[in-house]
Amino acid sequence: MDLTVQMEEKQVGKHSRIVKLALSILLVLSILVVPNCSQAATKTMTVHFINVGQGDSTWIHTPDGKNIVIDGGKKQAGTTVVDYLKKKHVKTIDVLIATHPDSDHIGGLPKIIQSFKIKNVYAPKVSHTTKTYKDFLKAVKQKHVKIKTAKKGVKLPMQSVDAAFVGPVKTYSNSDTNDWSAVLRVSFKRNSFLFTGDAANRAEKDMMHTGENLHANVLKVGHHGSQYSTSSTFLKKVKPAYAVISVGKNSYGHPTKATLDRLKKAKVKIYRTDKSGHIIATANGSSIKFNAKPSSTKAPVKKTTSKNAAAYKLNAKLDNTHPKQYSTVHLMVKGLPNGTKYKAVFHYKSKNTSYNGKVGKTLPVKISRASTSYRVNVDVTATYKNKTYHAKTSFLPK
Ligand SMILES: [Zn+2]
């Protein structure tokens with residue numbers, strides 16, 4: 001009895017020694033292996049298209065741990081971006097880019113600037129008079145950072161990736177803020193991304209004319225899928241496999257069917273923040289993976305809701321409401337996209353006369369012998385996307 005017990009104890013002792021040895025071997029192995037593992041895990045570039053509703057905000061985390069933030073969405077989206085970055089343990093933003101001064105891009109930036117250490121800020125050389133833009137400048141100033149000019153040829157101070165602006169190529173008028181968009185191309189080994197801000201067709205053309213390499217595996221679609229961005233010639237040049245559209249509820253019809261159709265024709269897989277929320281692309285230098293499934297390439301069925309209708313309000317104005325007989329009055333109609341056809345009916349005392357005009361274009365009308373002191377009412381009617389809009393004005397000949 002005693003003997004067997006002793007023997008069993010001996011066996012147990014032997015076993016535990018083997019277990020201990022195995023454990024220590026494992027420990028040594030893990031010390032040797034783990035650092036390599038984690039190194040391999042960080043050797044990727046992740047690009048986060050943060051869901052900020054209608055607007056843009058992108059965070060690029062480079063393989064060596066640097067942070068690039070492009071735009072910050074609308075003012076109310078600032079907190080969304082700050083929370084997102086803090087959750088991912090971001091403390092320093094190495095490069096902050098304000099693509100252009102529109103509020104759906106820079107509105108959230110002051111909050112972001114105040115919340116992190118900011119090393120570099122880049123923006124195109126276009127000034128703006130809005131409060132949103134002034135708030136952005138103020139926030140940058142408070143951090144004692146000088147804004148560097150974002151334009152074609154400017155390289156970002158990055159080691160593990162190549163990042164350079166390919167636009168803006170030219171200067172544009174101050175009112176064309178979209179074409180001023182800073183366009184950044186980032187590549188990590190064989191993976192490349194193009195972030196176009198709200199650049200429209202003219203800016204796209206100007207970029208193509210430079211002969212600069214615009215190819216990208218992933219295209220951040222310009223201007224939330226507006227029909228005036230992402231031309232088919234631009235798509236032929238960029239040749240993306242994937243497209244990301246940063247878009248939320250809006251009254252502009254973004255993303256437009258025209259743009260979705262062009263992407264579909266070019267066989268590009270489309271990801272949308274309004275459908276998938278935050279979209280994360282992970283690039284390992286040879287292939288790119290997404291956290292979401294591509295959204296259907298079918299354009300959404302446009303519903304003419306009362307909200308959409310409220311977005312448009314037709315209005316008509318005359319340059320002279322007390323014209324002389326036989327003079328010419330000029331009618332200006334606004335409130336629908338420029339070029340939309342309208343009909344204006346002038347209710348003269350003797351008869352009604354109809355004129356055809358286009359929204360945004362002055363329509364000269366000779367009033368002939370219009371009776372003095374008889375108010376001539378003018379009814380304007382325009383049809384846009386199967387909906388009819390009305391506006392009124394009048395004049396009193398003297
Ligand atoms: Zn925008």
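Author: In this predicted model, the largest nonpolar core has 70 residues, and those with the most contacts inside it are Ile-97, Val-183, Leu-184, Ala-243 and Val-244. If we take Leu-184 from that group and leave aside residues up to four places away in sequence, we find that Leu-184 touches Ile-70, Ile-97, Ala-163, Phe-165 and Phe-195. There is also a second, separate core, made of 18 residues, and among them are Ala-370, Val-376, Val-378 and Tyr-389. In soluble globular proteins, nonpolar side chains tend to be buried together.

Let us now turn to helix H2, which covers residues 78–87 and whose buried residues are Gly-78, Thr-80, Val-81 and Leu-85. When one looks down the axis of H2, these buried residues fall within an arc of 165 degrees, so they line one face of the helix. An α-helix has 3.6 residues a turn, so residues three or four places apart point the same way. The exposed residues Asp-83, Lys-86 and Lys-87 are carried on the face of H2 turned away from its buried side, whereas the buried residues are covered by elements including strand S2 (58–61) and helix H4 (109–115). After H2 comes His-89, whose phi is positive, near 65 degrees.

As for confidence, the protein chain has a mean pLDDT of 89, with 86% of its residues reaching 70 or more. Over residues 1–10, however, the pLDDT is below 50, and this stretch has zero contacts in the model beyond near neighbours in sequence.

Note on methods. Residues numbered from 1 in each chain as written. Predicted model: local features only at pLDDT ≥ 70, side-chain atom pairs only at ≥ 80, totals over all residues. Core = buried A, V, L, I, M, F, W, Y, C linked by C-beta atoms within 7 Å. Buried ≥ 20, exposed ≤ 12 C-beta atoms within 10 Å, placed from the backbone. Contact = placed C-beta atoms within 7 Å. Helix = DSSP H or I, 4+ residues; strand = E, 2+ residues; numbered from the N terminus. Arc of directions from axis to C-beta. pLDDT = per-residue confidence, 0-100.
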